[in-house]
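Here is a colleague's note to read alongside the sequence and the 3D view. Please keep both open while going through the points.

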Amino acid sequence: MTGAMGGGATGPGGAAAPGGPPARERIGVIGAGYVGLVTGVCLASMGHEVTLRDIDAVKVAALNDGQTPIYEPGLVDIMAEHAERLTYTLSLERMLDRSDIIFIAVDTPPTYSGDADLSRVMGVVDELERVGADARHILVMKSTVPVGTGERVRAELDARGLGEVGYCSNPEFLKEGAAIADFLRPDRVVIGCFEAVHGDRVAALYTPLAAPIVRTTVPTAEMVKYASNAFLATKISFINEIANVCEEVGADVAVVADGMGRDARIGSAFLRAGIGFGGSCFPKDVSALKQLAGNSGYHFQLLTSVIEVNELQKRRVIGKLKKHLGTLEGRRVALLGLAFKPETDDMREASSLVLAARLLAEGAEVCAFDPVVDTSTERLKGVTMASSAEEAIAGADAAVLVTEWASIVGIDWAAARDTMRSAVIIDGRNALDPLEMTRLGYTFEGIGRIPAHVGVPA
Ligand code: UGA
């Protein structure tokens with residue numbers, strides 16, 4: 001459990017004494033979604049008074065009951081531990097009244113054109129005008145917004161008589177499933193501002209974390225976020241293409257990635273080949289950056305390929321299944337894991353959705369299991385839900401490991417094999433040992449990992 005950090009108090013809103021502990025600030029958060037909630041709860045753990053405002057009455061009621069609307073390891077505990085400094089409300093007036101530094105953490109979903117939808121961000125500006133924010137307030141943009149949004153918001157604030165309200169960009173770099181540790185132990189904190197005094201105040205919040213703080217302009221801070229996500233997505237699509245070539249030429253991508261990653265210039269992170277990246281961030285942000293470039297007259301060729309490789313990667317599983325089963329018509333295929341990655345209940349842009357739809361279109365019978373996601377969703381229409389991985393596998397002609405949940409990877413594969421109609425496994429996350437699975441009698445394929453190409457010659 002992550003404990004409180006910093007938290008020395010000089011009273012709400014007070015300035016820190018020189019050389020003394022950091023000031024305890026009155027923090028507001030607009031949007032108690034994934035980012036807003038983690039930000040608010042972590043800032044409360046650091047000693048600040050936090051008021052989170054959301055427009056969803058059910059969510060606010062649940063939070064007031066000590067429940068979180070999202071699955072994030074450790075969040076409920078840290079929320080309970082610092083409950084006396086956390087207030088949840090539906091009222092923007094109440095939040096404004098109780099806060100000086102206000103984080104905006106509303107969602108920015110993609111539009112049909114691939115641009116980011118800023119209507120919720122702009123809605124916040126409307127509300128702030130109505131309720132009357134003032135010179136006391138500094139807005140801090142946490143939502144991922146296209147480069148230029150801060151300048152647009154600044155102009156809107158000025159035009160509506162809110163010129164005294166401060167504005168900073170402070171992009172988030174949280175990974176779902178590890179968000180609390182990412183917040184409290186960041187690799188870096190990026191702060192863009194129009195006026196140094198506002199940036200200083202926001203930077204002071206992070207001083208106790210002892211992380212490098214990158215201070216810059218608002219557009220540059222906005223670009224750091226997009227460029228970081230786009231680069232990580234590029235690494236994944238790159239290693240996925242290497243994996244596809246490995247299958248053709250008889251190499252093992254896991255060892256290739258290990259060998260590459262040990263070069264400090266390359267780094268080992270985000271070189272796990274698989275059936276593509278998903279989630280609420282990479283697909284949306286890569287496409288928004290490509291669109292942003294396109295809108296300003298630059299064709300971002302590399303990102304076009306990153307997106308295309310990712311789409312094709314999900315579908316290659318169908319080809320692998322056909323290679324082993326022939327037609328998929330009437331075949332029973334188990335999908336093991338549905339979330340876009342382990343330790344989250346998020347299914348946004350999950351590879352499982354594309355796979356399930358393709359399998360159903362091929363006439364297959366699809367039986368799925370995930371330990372956490374809400375399986376009542378419309379998006380899984382036509383898919384039968386099992387209550388365990390073993391139940392999904394029983395009677396299947398093939399199983400696809402889609403999300404590498406430890407509880408799925410760790411099942412008794414020897415026992416599971418005997419329950420299958422034909423023991424074909426496609427490991428979409430390279431989480432299983434190809435040689436061990438072959439020894440157990442499976443027809444096994446990973447991504448860029450075919451058993452015949454794996455291991456060290458005797
Ligand atoms: C990502 C970034 O990692 C965060 O830094 C960023 O703050 C966040 O987006 C955001 O913009 O809000 P997240 O989407 O939670 O975080 O998940 P990741 O752990 O980055 O995984 C993204 C996808 O890439 C998953 O589908 C995962 O399975 C896949 N992946 C990741 C790979 O296929 N291979 C890898 O080596 C790593």
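Predicted model: local features only at pLDDT ≥ 70, side-chain atom pairs only at ≥ 80, totals over all residues.

1. Residues are numbered from 1 along each chain as its sequence is written, and side-chain values use heavy atoms, with hydrogens and water left out.

2. The domain assignment of the protein gives domain 1 (3–216) and domain 2 (230–445), with bounds that come from an automatic or database domain assignment. Taken over C-alpha atoms, the centres of domain 1 and domain 2 are separated by 34 Å. The contact between them (heavy atoms within 4.5 Å) takes 16 residues from domain 1 and 17 residues from domain 2.

3. The area buried between domain 1 and domain 2 is about 1,300 Å², and carbon and sulfur atoms give 50% of it; buried area here is the accessible area (1.4 Å probe) that two parts lose on being put together, summed over both.

4. The ligand is surrounded by 19 residues, each with a heavy atom within 4 Å of it, and the closest are Glu172, Glu176, Lys225, Asn229 and Cys281. The shell divides into nine nonpolar, two polar and eight charged residues; in this grouping Ala, Val, Leu, Ile, Met, Phe, Trp, Tyr, Cys and Pro count as nonpolar, Asp, Glu, Lys and Arg as charged, and the others, Gly among them, as polar.

5. A polar side-chain atom of Glu172 lies 2.6 Å from a ligand oxygen atom, a polar side-chain atom of Lys341 lies 2.8 Å from one, and a backbone N or O atom of Leu174 lies 2.9 Å from one.

Conventions
Polar contact = N/O pair within 3.5 Å; in protein donor to acceptor, adjacent residues only side chain to side chain.
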